[in-house]
Amino acid sequence: MPTTARQWLLNGHPRGRGIEDSDFKFAEVQLADPGPGEMLFKTRYLGFDPAQKGWMENIADYVAPMAIGEVMRGSVIAEVLASNGGRFAVGDMVFGSVGWTDHFVSNGEGLSKVETDLPPTAVLSVLGTTGVTAYCGLFKVGKPVAGDTVLVSGAAGATGSIVGQLAKIAGCRVVGIAGGKDKCEWLVREAGYDAAIDYKAGSVRDQIKEHCPRGVDVIFDNVGGSILNDMLSQIATGARVVICGGISRYETGTLPAGPQNYFNLVFRRGTMAGFIVLDWAAEFPAIRKRLEGFVKEGKLAYQEDVQHGFENAPDTLKRLFVGANRGKQLLQL
């Protein structure tokens, strides 16, 4: 019997502006039965990341450009409903980058079986791109050593909250920047941050001076813009600045101007580097095992913000850009 798949398609390139409802188009398509070696999957969860807006804009050149009418890209957890000699068994749960579709047919290429003792959604959060991005950015680029002061922007977000906890595991003093009293309290109470800075409550630069009196050894930046500029003003000698994301630019829809305080990198003999986590893809299985171990040992807490209903996919993505999410943004179908 043919299967009807509900899909969200790209209908606009939101460069220079925020995401609008008109950037997406709802569609229904009939899927062919699985051919030899193929399987029919039902999507159970969608995962959301700020990078998806960059893909929509066709600014991010590390992925192929998105065309109008293409299924909106994104990560999924899906269940095998039927198999025609496919590599996964009926009932298996898998994850990977598929897109905003509630059913799909595939030979399984690019998909991995969900194999964890944690709740399955962990493969999209602490064990997914979120977790490995935090791990690789911090340890491969930031290279913290015990005793360092690590400053994280977007600290209550899915990636930032993990960065800070990993830095604590490495023996560092960790300060986070987040928006709002509740998020800052969570950072200190649950995520184990030594201090939290509320960027909505006074001068960020003054608060950094207060909480990082000896300067900052490692910056992990998820925000960019004026927040990055304030962080650069307080770097210590030999500081490493890790550029992971720039969520501030999504508010304006344009790439942010370069930070005025960048010359502190010269004065403090510092370095600043961006990264794409896919460069370490071969290490992901080992990194996931290490992250899972930290969670089981009680050293790593993580949050998941689960919305519901496939019809709410566009609104769920928008939550990332207004700070509505607490931890990894997911949607349960």
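Predicted model: local features only at pLDDT ≥ 70, side-chain atom pairs only at ≥ 80, totals over all residues.

Which residues are buried in H6? They are Ile227, Leu228, Asn229, Asp230, Met231 and Leu232. Helix H6 covers residues 225–232, and six of its eight residues are buried, so the helix is largely enclosed by the rest of the structure.

Let us follow the chain onward from this helix. Gln234 is found in the loop between H6 and E12. Is Gln234 buried or exposed? Its relative accessible area is 13%, and residues under 20% count as buried, so Gln234 is buried. The C-alpha atom of Gln234 is separated by 9.2 Å from that of Asp217, although the two residues are 17 residues apart along the chain.

I now turn to the salt bridges. How many salt bridges does a search of the whole structure find? The search finds 17. I shall present three of them.

In one of these, the side chains of Arg6 and Asp102 meet, with a distance of 2.8 Å from N to O. Arg6 belongs to strand E1, residues 3–10, while Asp102 sits in the loop between strand E5 (93–97) and strand E6 (103–106); the pair therefore ties together parts that are 96 residues apart in sequence. Arg6 has a relative accessible area of 30% and is partly exposed, whereas Asp102, at 5%, is buried.

Next, consider Arg240 and Asp148. In their salt bridge, the closest N and O atoms are 2.8 Å apart. Strand E12 (residues 235–243) holds Arg240, and the loop between H2 and strand E8 (149–153) holds Asp148, so this pair ties together parts that are 92 residues apart in sequence. Both Arg240 and Asp148 are buried.

The next pair is Lys318 and Asp21, whose side chains meet in a salt bridge of 2.4 Å, N to O. Distant parts of the chain are linked here: Lys318 is in helix H10 (residues 313–319) and Asp21 is in the loop between E1 and strand E2 (24–31), 297 residues apart. How accessible are the two partners? Lys318 counts as partly exposed because its relative accessibility is 22%, and Asp21 is exposed, with a relative accessible area of 52%.

What is the angle at which helix H2 and helix H3 pack? Helix H2, residues 129–142, and helix H3, residues 158–169, pack at about 50°, and their axes are 8 Å apart. That angle makes H2 oblique to H3. The crossing of these two helices, H2 and H3, is right-handed.

My last topic is the surface. Which residues make a nonpolar surface patch of about 420 Å²? The patch is made by Tyr262, Phe263, Val266 and Phe267. Of these, let us examine Tyr262. Its place is in the loop between helix H7 (249–252) and helix H8 (264–267). Tyr262 counts as partly exposed because its relative accessibility is 45%.

To close, let me recall two points. Thank you for your attention.

Notes:
Residues numbered from 1 in each chain as written. Heavy atoms only, no water. Patch = residues over 30% accessible without salt bridge, like charges linked within 9 Å, V, L, I, M, F, W, Y side chains within 5 Å. Areas by Shrake-Rupley, 256 points an atom, 1.4 Å probe, with all protein chains shown as cover. Salt bridge = Lys/Arg side-chain N within 4 Å of Asp/Glu carboxyl O. Helix = DSSP H or I, 4+ residues; strand = E, 2+ residues; numbered from the N terminus. Buried < 20%, exposed > 50% of the residue type's maximum accessible area, 1.4 Å probe, protein only. Axes fitted to C-alpha atoms, helices over the stretch in contact; angles between N-to-C directions. Parallel < 35°, antiparallel > 145°, perpendicular 65-115°, else oblique. Left-handed = near helix turned anticlockwise from the far one by under 90°.
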